[in-house]
Amino acid sequence: MVPLLHLPPVRPLATVIPCLLILLQGCSPPSENEPLALPPVAAHAKAVDDLDLLSQQRIGAPIKGRPWIAHVTPVDLDQDDRMDAVFCEAQENRIYWLRQVSDGTFQELVLAEKMQAPVHVEAVDIDGDDDLDLLVSNMGQVFPNNDRIGSIVILENDGKQSFTPHWVLRNVARVNDVRAADLNRDGELDLAVGQFGYDQGEIRWMERTGPWEFKSHNLLDLSGTINVSVADFNGDSFPDIVALVSQEWEQVWYFENDGMGNFSKKAIWSSTNEDFSSSGMTVGDLNRDGLPDVLFSNGDGFGPVGIPGPRPWHGVQWLENKGNGYFRFHRIGDLGGAYSPIEADLDGDGNMDVVAVAAFNDWSKSDSQSLVWFRNDGRLNFTPHVLAYSPIQLLTIAAGDFDGTGRTSLITGGFHAYPPFNDRMSRILLWKQEEQQR
């Protein structure tokens with residue numbers, strides 16, 4: 001999930017932002033067929049300190065300057081049964097591989113250079129040769145820009161983790177997210193693409209027409225797409241698409257696939273809060289009913305007043321999939337500057353919990369939360385457990401089994417594009433459980 005940066009608006013009810021730390025927003029009135037959601041009411045569950053649940057381990061290179069880790073994803077890239085991680089460094093224009101060479105020991109390797117502000121990377125066998133390739137979303141520039149500088153690169157793996165870049169899309173509005181799926185049932189993996197842009201953006205799908213060739217099909221012309229995700233939301237065995245769109249729209253869109261690559265579209269959630277500050281979206285199954293749900297956060301720190309920081313309505317919520325294209329809104333909890341929510345059974349009780357980081361909290365206060373676990377009691381009531389107050393400005397988080405024990409660990413990346421710059425910065429951290437948790 002990619003966060004974005006917001007700056008003061010340049011047009012009424014609109015905000016403009018780059019694509020990496022999200023934006024300020026306004027919202028356009030939904031049509032009569034689009035559900036309307038009022039600004040979420042604060043979730044008043046009292047936070048519990050759980051600072052000893054996870055231990056921090058710095059992995060990879062030490063900090064030099066101010067890291068811009070835009071996205072990190074766990075993946076066993078060399079398929080040696082040890083979990084690795086791949087991440088985007090948007091300032092260095094590089095894709096890195098943290099290879100776990102032995103238990104708990106990681107070697108950092110550069111997989112690709114001369115990217116163009118990479119902000120999202122996904123591992124998938126795009127060419128069907130039984131190794132993992134990488135899909136890279138490039139914004140071109142993280143900070144606001146109207147130029148057509150976005151691009152998509154597929155890094156082809158030769159089976160020995162040497163990668164050849166194939167630039168499959170260039171000179172478009174800034175790209176924030178790309179996912180692969182066979183969207184038209186022809187046996188080839190296609191691409192779902194979210195373009196943040198600036199004043200202009202787009203959601204498209206790209207039909208595979210050759211080994212590294214694609215034909216684009218437009219789905220929606222709106223600026224501010226943060227994330228796209230692909231799943232079978234209506235149970236017809238065809239992959240559908242959902243997208244989180246920020247800027248002045250502040251909506252979640254659903255694109256239902258007829259199985260042949262034809263999509264019907266509708267907004268399944270809209271905010272009336274012009275400063276809602278959408279910041280990230282993932283898909284999971286929180287209630288374990290077999291239908292994929294939508295989990296999303298609002299926590300971008302740059303609002304209409306241009307002063308970065310938390311807002312009382314920042315936090316995490318989910319859209320419960322009720323089937324047939326209908327979704328029900330639920331507030332999970334509050335978190336100032338919330339970003340990148342993920343589903344994870346952190347305590348191993350069989351209930352899906354939620355974890356999120358904070359990129360834009362009030363870091364002048366020592367009690368500003370940085371990493372929060374929303375623990376599910378089994379009845380979808382979530383209690384916030386504070387896992388850390390430091391480091392600050394965490395932008396991306398993912399979960400995986402990094403030690404082969406079956407216990408869930410977390411991995412985070414720090415994105416330090418705005419003060420304060422101090423000893424509470426981080427680059428890549430692994431958060432591990434030392435023993436089975438309650």
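In this predicted model, Tyr-339 and Phe-360 are both buried. Their rings form a tilted aromatic pair. The centres lie 6.2 Å apart, with 50° between the planes. Tyr-339 belongs to strand E25 (residues 338-344), whereas Phe-360 sits in the loop between strand E26 (353-358) and strand E27 (371-376). The pair therefore ties together parts that are 21 residues apart in sequence.

The count of aromatic pairs comes to 13. Among them is the pair of Trp-253 and Phe-255, which is stacked. Here the centre-to-centre distance is 6.4 Å and the angle between the planes is 20°. Trp-253 and Phe-255 are both buried. One aromatic cluster is made up of Trp-269, Phe-276, Phe-296 and Phe-329.

Charged side chains also meet rings. Lys-266 places its charged end over the ring of Tyr-326, 4.6 Å from the ring centre. Arg-427 lies over the face of Tyr-96, and the distance to the ring centre is 5.3 Å.

Strand E31 spans residues 428-432. Five of its five residues are buried, so E31 is largely enclosed by the rest of the structure. In a regular strand, side chains alternate between the two faces of the sheet. In E31, Ile-428, Leu-430 and Lys-432 point one way. Leu-429 and Trp-431 point the other way.

E31 pairs with strand E4 (residues 55-58) in the antiparallel sense, over four bridges. Within this pairing, Arg-58 has Leu-429 as its bridge partner in E31. Strand E30 (residues 409-414) also runs antiparallel to E31 and is joined to it by four bridges. Ile-411 has Leu-430 of E31 as its bridge partner.

Key: Residues are numbered from 1 along each chain as its sequence is written. This is a predicted model: local features need pLDDT of at least 70, side-chain atom pairs count only at pLDDT 80 or more; totals for chains, interfaces and linings use all residues. Side-chain values use heavy atoms; hydrogens and water are left out. Buried means under 20% relative accessible area, exposed over 50%, partly exposed in between (1.4 Å probe, protein chains only). Helices (H or I, at least four residues) and strands (E, at least two) are DSSP runs, numbered from the N terminus. Two strands pair if DSSP finds at least two bridges between them. Rings of Phe, Tyr and Trp (its six-membered ring) pair if their centres lie within 6.5 Å; planes under 30 degrees apart count as stacked, over 60 as edge-to-face and the rest as tilted. A charge sits over a ring if NZ of Lys or CZ of Arg is within 6 Å of the ring centre and within 35 degrees of the ring normal.
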